[in-house]
Amino acid sequence: MSISMELMIVIIVNVLTAGIFLGGLAMSIKFIEQQIKRLEEKQDKHNNLIERMVKVEESTKSAHKRIDNFEGKDA
């Protein structure tokens, strides 16, 4: 069984096209994963800031109560 030259070229072109498509898809997935990781890092920083702010607010509330007690005010 002999494969004609045209059929061989079509097969080669289709294989190359599929390879290029899959390579581009893999690169896109890798880029998206990097962006997700970057966003997760930003979110972690934001969450740490929120946790720290809660502690600051609690400390401030406590300090205000102590100041009010020192000044003789009832909170």
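Where is the place of Leu49? The place of Leu49 is in helix 1, as the legends below set out for this predicted model.

**Figure 1. Overall view of the chain, a predicted model with one helix and zero strands.** Helices (H or I, at least four residues) and strands (E, at least two) are DSSP runs, numbered from the N terminus. The C-alpha trace spans about 105 × 15 × 15 Å along its principal axes. The radius of gyration, taken over C-alpha atoms, is 32 Å, whereas a compact globule of 75 residues would have a value near 11 Å; the globule rule is 2.2 Å times the number of residues to the power 0.38. Local features need pLDDT of at least 70 and side-chain atom pairs count only at pLDDT 80 or more, while totals for chains, interfaces and linings use all residues. Residues are numbered from 1 along each chain as its sequence is written, and side-chain values use heavy atoms, with hydrogens and water left out.

**Figure 2. Helix 1 and the residue that follows it.** Helix 1 covers residues 5-71, which amounts to 67 residues. From first C-alpha to last, helix 1 reaches 98 Å, close to the expected 99 Å; the expected span is 1.5 Å times one less than the number of residues. Gly72 follows helix 1 and has a positive phi, near 85 degrees.

Figure 3. The accessible surface of the chain comes to about 7,300 Å² (Shrake-Rupley method, 1.4 Å probe; for residues, only the protein chains shown count as cover). Carbon and sulfur atoms hold 65% of this surface. Buried residues (under 20% relative accessible area) make up 0% of the 75 residues.

**Figure 4. Leucine positions in helix 1: Leu7, Leu16 and Leu49.** Leu16 counts as exposed (over 50%) because its relative accessibility is 54%. Leu7 and Asp44 lie 37 residues apart in sequence and 55 Å apart, C-alpha to C-alpha. The C-alpha atoms of Leu49 and Gly24, 25 residues apart along the chain, are separated by 38 Å.

Note on methods
Buried < 20%, exposed > 50% of the residue type's maximum accessible area, 1.4 Å probe, protein only.
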